[in-house]
Amino acid sequence: MGSLLQVNNLKTGFHTEDGMQTVITGIDFEVNHGEIVGLVGESGSGKSVTSLSIMQLLHDTPGEIIDGEIIYKGEDLLKLSEKKMRQYRGNELSMIFQEPMTSLNPVMKIGKQIIETISLHLNMSGQKAKQHAVSMLESVGIPRAKDIMNEYPHQLSGGMRQRVMIAMQISCNPSLLIADEPTTALDVTIQAQILDLLKDIQEKTNMGILMITHDLGVVAEICDRVIVMYAGRIVEQATVKEIFNNPKHPYTKGLIDSIPKIGAGLDELYSIPGAVPSPKNMPKGCKFAPRCEHVMDICNLEEPALAMENGRSSRCWLTQEQSQQEGVVGHGQ
Amino acid sequence: MWQYIIKRILGLIPLLLVISFVIFMFIHLIPGDPARLMAGKDATLEEVEEVRQSLGLHEPFVKQYISYMGNLLQGDLGYSIKSGAPVVDLILDRVMPTLGLTFLSIIWALVIGILIGVLSAVFRDKWPDRLGMLTAVSGISLPNFWLGLVLIQLFSVQLGLFPTGGDDAGWKSYILPSFALGAGIMAMIARFTRSSLVNTLKQEFIRTGRAKGLSGTSIVFGHALKNSLIPVVTVAGLQFGFLLGGSVVVETVFSFPGLGRLLIDSIQFRDYPVIQAEILFFSLQFILVNLLVDILYSYLNPKIRYD
Ligand SMILES: Nc1ncnc2c1ncn2[C@@H]1O[C@H](COP(=O)(O)OP(=O)(O)O)[C@@H](O)[C@H]1O
Ligand code: SF4
Ligand SMILES: [Mg+2]
């Protein structure tokens with residue numbers, strides 16, 4: 001193992017009419033070689049902004065990284081020139097997106113889109129690059145790969161398009177793949193196939209994957225470790241096993257309860273009441289307090305810190321009080 | 001692709017039939033007796049009858065149409081009333097200057113228009129954008145006869161770079177009139193390219209391109225531009241069809257011996273066979289331009305080709 005990516009105190013904000021609005025408020029986490037880390041949270045928690053910050057793809061948005069370090073293989077990506085960063089994107093660290101429909105260029109043949117990546121980063125000429133592209137398509141389970149090379153995205157199904165996307169983005173054998181909701185737009189059976197494929201690729205290549213999703217079900221399927229994000233902060237971090245056996249943060253519990261159960265009717269679907277607060281209307285204390293059923297006086301006054309304990313962490317007064325009490329009790333014994 | 005093109009060309013046949021019929025009807029739609037009109041006010045009865053015979057107007061309607069179509073297919077468009085010359089010769093004399101003029105203004109419009117549009121989109125809200133869009137708004141709002149007069153005054157009279165009119169100075173005679181003719185469309189293309197490209201650059205596949213490690217230039221020219229030109233071509237194509245209307249005005253301003261001037265002359269003289277032939281020619285050109293635009297469109301947008 002060993003650390004592949006280390007995000008230190010990352011702060012990202014957006015320029016708005018009311019000035020700079022911080023959306024990611026100083027987060028720390030890491031992804032190791034060969035590890036699949038889930039980054040989970042409801043829509044609007046800041047998962048995509050986090051991933052775009054790592055890739056430094058905020059160009060076309062009013063977003064900007066305010067502070068922090070993104071250490072990739074020992075090198076701070078934020079200190080690299082844009083030119084150097086371009087050589088890394090698609091090559092060292094790569095990314096796939098939610099909408100396979102709109103994430104591929106609709107007027108360019110699939111083969112050409114893949115070859116473009118290959119010839120950009122690998123020293124391969126026409127025929128060789130083409131062969132490599134075909135073998136990439138085959139490796140992600142696309143039948144008739146040679147024909148597909150000459151087709152356009154609209155001629156493929158959503159699942160096939162996402163496979164094309166994966167083939168394209170791993171064609172230069174990156175060490176880190178960021179997958180931003182790669183299965184959200186797909187139906188359930190296709191979702192499972194794509195997750196299997198990603199797991200498969202990870203095992204073969206030992207690449208690290210940062211799996212972004214709002215669905216803890218996806219996490220249970222393929223992740224080793226989970227980072228739970230809420231309102232631009234990390235609120236809990238643990239192994240998958242720990243998260244499901246013993247979730248510490250009330251938000252994590254809510255997310256677990258929101259996983260659709262097989263066989264359950266639509267009316268039995270649970271969702272956490274309320275919504276993620278917007279950066280404009282952040283609660284003063286714990287950002288989850290307005291939606292938390294365990295809310296206490298202190299929660300509204302002061303935000304709890306992200307406290308480490310036995311290799312896992314949680315940001316909640318409940319567990320911090322408990323651990324203090326446990327500590328006292330333990331001391332007495 | 002070829003299949004699509006052939007399909008489109010075959011699809012034009014009914015349209016061509018309708019158009020030729022309408023143009024054939026043109027003479028019959030003139031109020032009053034066409035033979036008397038064409039023979040002129042002072043014509044004797046015999047002269048009117050002669051015209052009627054020569055135009056075949058005494059024949060039954062259906063027979064007239066058949067012989068008209070027969071002549072048309074053989075390239076016989078009748079004779080000018082004014083000069084007595086075959087209409088085909090009159091048209092052929094004037095075709096090349098007008099086609100050259102139109103073609104050149106389309107090139108101007110596309111090349112400069114797209115260039116301005118791309119620069120404006122890439123440097124959105126910065127000075128190249130402001131300058132580009134100022135040019136575009138001026139180009140759209142200035143009538144082309146006025147622009148023509150200004151160009152003559154500036155580049156021909158003051159600077160002496162180009163002739164003031166006519167087509168005797170080779171390529172130099174084409175520069176100013178084609179610019180005056182294309183300016184409006186150029187401006188429109190610039191604006192459409194800008195807004196379309198700005199829109200395309202927000203699409204998700206652009207982010208994919210960046211995630212692959214592409215540079216900004218590769219993104220704009222390799223991915224965004226082709227997508228952006230799809231709506232531009234649709235709008236520009238229609239405008240190209242109307243260029244001929246503009247060429248009538250511009251040819252007059254620049255005393256340019258093209259079809260536009262011929263049309264003005266023929267209308268003044270009521271030279272109906274020539275007018276008829278010109279309408280036919282303009283319609284054909286309109287159809288041809290539209291066909292080319294459709295083909296270009298299908299080249300840009302693969303979805304069209306496969307549906
Ligand atoms: N282009 C943008 N302009 C302004 N604010 C944005 C933009 N994109 C995201 N944000 C802000 O960042 C927050 C987090 O968004 P995002 O990372 O997309 O959430 P997630 O991916 O977890 O659903 C949003 O609540 C929004 O306020
Ligand atoms: S700190 Fe308080 S409000 Fe926040 S999650 Fe814990 S119990 Fe709920
Ligand atoms: Mg997102």
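**View 1. Chain B is built from helices.** In this predicted model, chain B has 14 helices and 0 strands. Reading from the N terminus, you go through α-α-α-α-α-α-α-α-α-α-α-α-α-α. The C-alpha trace of chain B spans about 85 × 55 × 30 Å along its principal axes.

**View 2. Helices H5 and H10 of chain B pack against each other.** Here we zoom in on H5(B), residues 87-122, and H10(B), residues 216-241. Their axes sit 11 Å apart, at an angle of about 135°. Since angles over 145 degrees would count as roughly antiparallel and 65 to 115 as roughly perpendicular, that makes H5(B) oblique to H10(B). The crossing of H5(B) past H10(B) is right-handed.

**View 3. Side by side, the residues where H5(B) meets H10(B).** From H5(B) come B:Ile106, B:Ala109, B:Leu110, B:Ile114, B:Val118 and B:Val122. H10(B) answers with B:Val220, B:Phe221, B:Leu225, B:Leu229 and B:Phe240. Sort the residues of this contact and you get 11 nonpolar, no polar and no charged.

**View 4. Oxygen atoms of ligand 1 pair up with A:Gly46, A:Ser48 and A:Val49.** For A:Gly46, a backbone N or O atom lies 3.0 Å from a ligand oxygen. With A:Ser48, the side chain supplies the N or O atom, 2.8 Å from an oxygen of ligand 1. At A:Val49, a polar backbone atom is 2.8 Å from a ligand oxygen.

Notes. Residues numbered from 1 in each chain as written. Chains lettered and ligands numbered in written order. Predicted model: local features only at pLDDT ≥ 70, side-chain atom pairs only at ≥ 80, totals over all residues. Heavy atoms only, no water. Axes fitted to C-alpha atoms, helices over the stretch in contact; angles between N-to-C directions. Helix = DSSP H or I, 4+ residues; strand = E, 2+ residues; numbered from the N terminus. Parallel < 35°, antiparallel > 145°, perpendicular 65-115°, else oblique. Left-handed = near helix turned anticlockwise from the far one by under 90°. Contact = heavy atoms within 4.5 Å. Nonpolar A, V, L, I, M, F, W, Y, C, P; charged D, E, K, R; others polar. Polar contact = N/O pair within 3.5 Å; in protein donor to acceptor, adjacent residues only side chain to side chain.
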